[in-house]
Number of protein chains: 2
Amino acid sequence: MNIQLDRTSTTPIYLQISNNIRDMILAGTLAAGTRLPPERKLAEQLQVNRSTVLNAYRELKANNLADSHIGQGTSVIEGKLDGAFKQEGMADENTPIPSMPWEQIFSESSLRSQDTTVRDLLRLSGNSGMILFAAGVTVPGIDSLDALQRIQTEVLRQYGHTAVQHIPSEGFYPLRESICTLMHERGICANAEDTVVLSGSQQGLDLAARIFLDPGDVVLVEEPSFFSAFHIFRAAGARVIGVPTDRDGMRTDILAGLLERYKPKLIYTIPDFQNPAGFVMSLERRKNLLSLAYKHQTVILEDDPYGRLRYEGNSLPPLKALDKFGHVVYLSTFSKLLFPGFRVGWLTAPQAVIHRFVLLKQMADLHTSSLPQLIFDRFIREGLLEKHLVIANGENCRRRDTMLEALHSAEIEGLNWNTPEGGLYLWCRIPGNILQARLLTRSVENGVSFVPGNTFFPGTPSGNYIRLNFTYPAPEQIVEGVKRLSGAWEDVLKEQKRYTAVSKSELGPIV
Amino acid sequence: MNIQLDRTSTTPIYLQISNNIRDMILAGTLAAGTRLPPERKLAEQLQVNRSTVLNAYRELKANNLADSHIGQGTSVIEGKLDGAFKQEGMADENTPIPSMPWEQIFSESSLRSQDTTVRDLLRLSGNSGMILFAAGVTVPGIDSLDALQRIQTEVLRQYGHTAVQHIPSEGFYPLRESICTLMHERGICANAEDTVVLSGSQQGLDLAARIFLDPGDVVLVEEPSFFSAFHIFRAAGARVIGVPTDRDGMRTDILAGLLERYKPKLIYTIPDFQNPAGFVMSLERRKNLLSLAYKHQTVILEDDPYGRLRYEGNSLPPLKALDKFGHVVYLSTFSKLLFPGFRVGWLTAPQAVIHRFVLLKQMADLHTSSLPQLIFDRFIREGLLEKHLVIANGENCRRRDTMLEALHSAEIEGLNWNTPEGGLYLWCRIPGNILQARLLTRSVENGVSFVPGNTFFPGTPSGNYIRLNFTYPAPEQIVEGVKRLSGAWEDVLKEQKRYTAVSKSELGPIV
């Protein structure tokens with residue numbers, strides 16, 4: 001039997017043997033029924049251990065290519081294979097073809113990611129006339145397009161053809177440096193080598209899930225938290241468990257017990273102007289969280305998209321700035337600051353972790369688009385991002401105040417809200433008897449949208465909430481939007497009362 | 001010692017043991033100084049090999065939780081650890097924290113994607129002076145930067161702030177329409193609704209793997225084929241099996257048998273100017289492939305990055321153009337045509353499949369960067385992409401001819417190559433006794449790089465090859481590069497002869 005072995009190859013010898021034999025079988029050189037050489041004999045011929053041949057034959061059997069019977073050795077399996085295919089091989093042009101059973105063909109994990117919340121929100125935003133309290137972006141239309149025009153022209157002139165060629169998967173090096181100066185201002189000492197540019201922080205969540213999570217792993221998230229994060233963790237097969245929060249952020253007293261019980265791989269947290277609840281984690285809790293993560297050797301995934309959107313009060317250091325032992329994987333993005341459509345975010349972590357992110361990112365999209373990276377770099381170096389933030393935060397704050405005032409004046413019965421010092425959202429508690437879905441439907445009919453609070457709970461919601469964004473709509477839209485919401489609210493309350501009356505009289509328990 | 005083992009878990013037993021002990025130490029159940037059971041004894045108790053316990057103890061030592069001394073066995077390390085942790089629940093500021101065992105924390109699938117080939121190639125390309133026959137891009141530096149300057153200015157003026165805002169996950173609608181006109185020219189009838197914009201075709205491969213593949217699924221690929229594709233399939237846990245090829249592409253006669261035996265989920269193919277082998281699949285084989293896919297209800301993933309890079313001869317219709325029953329998922333990209341750094345590709349498939357891609361893409365990066373999409377749309381609509389292709393293909397062809405001529409003149413002993421009618425690569429067979437790794441090392445020392453052929457084989461290579469790109473280097477670099485390659489070749493041949501002489505006389509069989 002003519003078998004070629006390449007002893008310098010990384011392919012195990014037993015596989016080389018079984019592949020060689022497989023090819024002979026499939027090519028018809030070894031007919032069905034042919035007896036393969038006894039293991040000992042082939043081992044001698046090839047100068048390999050007998051167990052190697054044994055493994056090769058096992059492989060062939062596992063692949064249904066050979067079979068063995070005591071006293072008869074191993075032989076090529078009898079099958080329709082050669083006969084049937086050699087002659088007809090192909091479906092006739094006129095043979096009816098059954099349609100593809102796609103649902104059977106999709107993977108488990110792809111069927112796990114059924115959520116369409118973000119998608120529907122993005123679609124909704126297309127309707128003209130709709131006032132969007134459902135958005136998740138900062139004040140639009142004030143980014144300096146003149147500066148962008150000038151800078152995109154300049155970077156193309158400066159970098160020429162290299163501006164349109166491939167760059168390393170880690171990102172454009174000067175941008176990685178610029179990002180580090182941004183992080184220094186937040187108190188984080190990171191260098192360009194520990195920093196990787198991502199296609200938005202959304203990609204950071206996705207890659208983190210793939211890098212850290214195996215099916216069955218546990219992730220702890222604040223309750224409530226950013227829904228997209230826990231959908232991603234679940235798509236990776238993880239179990240997502242909520243940690244209760246209050247106005248000082250994650251309840252680290254409860255966290256201790258959860259760490260003990262569930263031994264999670266990851267703790268996902270948004271310490272500043274949390275989405276959706278708007279809280280800022282207190283300094284004491286930040287220290288407790290780190291301390292617990294050290295003790296339990298747990299990774300903290302710190303998501304910091306909103307840290308720079310502070311309108312009053314004093315900043316607290318991000319977890320990453322307090323992290324002495326490299327347990328924090330820090331994620332941030334330009335998307336809440338400037339040009340969300342450009343999709344540029346970044347991540348900073350210990351070298352061992354960065355290495356994994358870069359390998360996986362290369363597999364996921366090779367690298368983030370070059371031109372937007374060059375543009376952001378220039379915006380930072382010229383101090384234009386900082387200038388923009390002063391203007392944007394002034395406007396964001398004004399819109400927050402406009403919404404607070406409009407809600408106050410509207411006197412919506414039973415509606416309560418927080419007063420966040422920054423970020424994008426009001427988190428509003430609504431009475432227990434108002435159905436979120438009904439309120440949303442009625443509101444959209446009225447020309448205003450929001451995000452139902454249940455979306456943000458990984459498990460049973462601990463209260464009835466809605467999330468209102470105050471930065472995307474213009475001030476006059478905010479005033480009009482609150483009126484529309486108030487109108488929808490009245491309608492739903494009336495319906496609700498009718499329904500309660502009916503259901504009490506006519507319906508028995510639902511079993 | 002009470003240790004729970006789960007023999008069905010994917011966590012190695014030794015890690016389960018060390019984790020159990022670690023937890024006892026951290027929980028204070030095993031006090032500092034406690035002697036751990038002798039390895040042999042614990043091995044007996046747990047019914048595992050002694051080496052498993054040995055590994056578990058090694059792990060504990062690596063994590064600074066235990067230490068061993070000759071004659072005294074292994075014991076829990078004396079340290080402030082438990083004291084500090086136990087009483088307060090938090091780590092003391094001064095408590096020594098064991099460093100993170102990152103390798104234990106990374107996921108199975110992330111450890112499966114260890115390949116760094118592309119990454120190393122991208123890095124290599126940074127070295128100035130190096131002549132890159134290892135590249136995978138078309139002729140650089142001829143893309144019209146003037147047109148790009150004008151168009152980026154115009155799109156910003158036309159679309160204003162919406163140019164920098166979010167767009168739907170499916171992509172910028174006008175670009176999806178423009179892409180359809182490109183596909184029509186290839187004979188593919190697709191509409192914008194069936195087409196999704198991707199962050200390069202690399203993302204298409206990654207999403208396809210996640211959408212279709214569960215661990216244990218089988219993917220058939222041409223042998224040889226694009227390495228990144230099968231690394232992605234493997235990272236998804238799939239088994240990748242090669243289908244032999246010849247100058248007419250995939251051997252559909254052998255494919256029939258493989259389909260019967262392995263029931264693959266996917267067949268991955270590059271029918272036009274295949275990477276690396278340069279072949280064009282014959283029309284008959286295309287029909288056979290489709291026919292077999294219909295018969296076996298298998299998905300065909302058609303990767304068509306090079307179809308428009310034809311320098312002579314007549315085009316054949318892509319599989320997608322011949323596909324009557326919607327089994328083909330068609331993937332293409334701008335990256336081999338224009339502005340590879342922009343990372344824009346696309347995918348066309350039946351609605352049920354597109355729906356899945358959009359959901360997953362939204363999870364992966366929300367959407368592809370906006371500005372590059374607007375720019376490509378304008379390039380297509382103004383006919384500039386077509387104009388560019390005429391010029392680029394002229395130059396690509398000239399460079400191919402330059403390399404063919406240089407190789408011919410160099411008279412490199414034992415080197416053979418194909419003459420592809422398009423694409424980017426020559427696929428060169430080298431004598432069996434030349435080690436690719438050695439030739440590459442010597443070549444890089446000489447200032448020229450290429451890709452070793454073994455990289456392109458999912459299993460045992462069926463021959464000794466190297467891949468040379470002829471489009472990226474300028475014609476004079478091609479001539480110089482072939483000289484450098486020839487020099488390296490001579491050196492390696494000499495070494496090889498010396499080595500063979502030594503090995504024949506001194507080494508017995510390797511067992």
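Two strands are said to pair if DSSP finds at least two bridges between them, and helices (H or I, at least four residues) and strands (E, at least two) are themselves DSSP runs, numbered from the N terminus. In chain B, strand β8 (residues 266-269) and strand β9 pair in the parallel sense over 4 bridges, and within this pair I267(B) has I300(B) in β9(B) as its bridge partner.

This is a predicted model, in which local features need pLDDT of at least 70 and side-chain atom pairs count only at pLDDT 80 or more, while totals for chains, interfaces and linings use all residues. Residues are numbered from 1 along each chain as its sequence is written, and chains are lettered from A and ligands numbered from 1 in the order in which they are written.

**Strand β9 of chain B**

A residue is called buried if 20 or more other C-beta atoms lie within 10 Å of its own, exposed if 12 or fewer, and partly exposed in between, with the C-beta atoms placed from the backbone. By this rule 5 of the 5 residues of strand β9 (residues 299-303) of chain B are buried, and the strand is mostly covered. The cover applies to both faces, with V299(B), L301(B) and D303(B) buried on one side and I300(B) and E302(B) buried on the other.

**Chain A as a whole**

Chain A has 19 helices and 16 strands, and 50% of its 511 residues count as buried. Its C-alpha trace spans about 90 × 70 × 55 Å along the principal axes. The radius of gyration, taken over C-alpha atoms, can be set against a globule rule of 2.2 Å times the number of residues to the power 0.38; a compact globule of 511 residues would have a value near 24 Å, but chain A has 30 Å.

An automatic or database domain assignment supplies the domain bounds, and it divides chain A into domain 1 (13-87), domain 2 (113-137 + 387-501) and domain 3 (145-382). The centres of domain 1 and domain 3 of chain A, taken over C-alpha atoms, are separated by 52 Å.

**Strands and helices of chain A**

Strand β1 (residues 66-69) and strand β2 (residues 73-76) of chain A pair in the antiparallel sense over 4 bridges, and D67(A) stands opposite S75(A) in β2(A). Their hairpin has 3 residues between the strands, and there G71(A) takes a positive phi near 85°.

Elsewhere in chain A, 4 strands form an open antiparallel sheet in the order β12-β13-β16-β15. The edge strands, each pairing on one side only, are β12 (416-417) and β15 (451-452) of chain A. Within this sheet, strand β13 (residues 425-429) and strand β16 (residues 465-469) of chain A pair over 5 bridges, and Y425(A) has N469(A) in β16(A) as its bridge partner.

The C-alpha atom of Y425(A) is separated by 8.4 Å from that of R400(A), which is 25 residues away along the chain. R400(A) is found in helix α17 (residues 384-410) of chain A, and it counts as buried because it has 23 C-beta neighbours inside 10 Å. Two residues are in contact if their C-beta atoms, placed from the backbone, lie within 7 Å; leaving aside neighbours within four places in sequence, R400(A) is in contact with Y311(A) and F470(A).

Helix α10 (residues 200-212) of chain A is largely enclosed by the rest of the structure, because 13 of its 13 residues are buried.

**Backbone angles**

Most residues other than glycine have a negative phi, and most peptide bonds are trans.

In chain B, K263(B) has a positive phi near 40° and is found in the loop between α12 (252-262) and β8, where it is exposed, with 12 other C-beta atoms within 10 Å. L366(B), which is not a glycine, has a positive phi of about 70°; this residue is found in the loop between α15 (351-365) and α16 (370-381) of chain B and counts as buried, with 25 C-beta neighbours inside 10 Å.

**Where the chains meet**

The contact between the chains takes 100 residues from chain A and 94 residues from chain B. On the side of chain A that touches chain B, helix α15 (residues 351-365) of chain A gives the most, with 9 residues.
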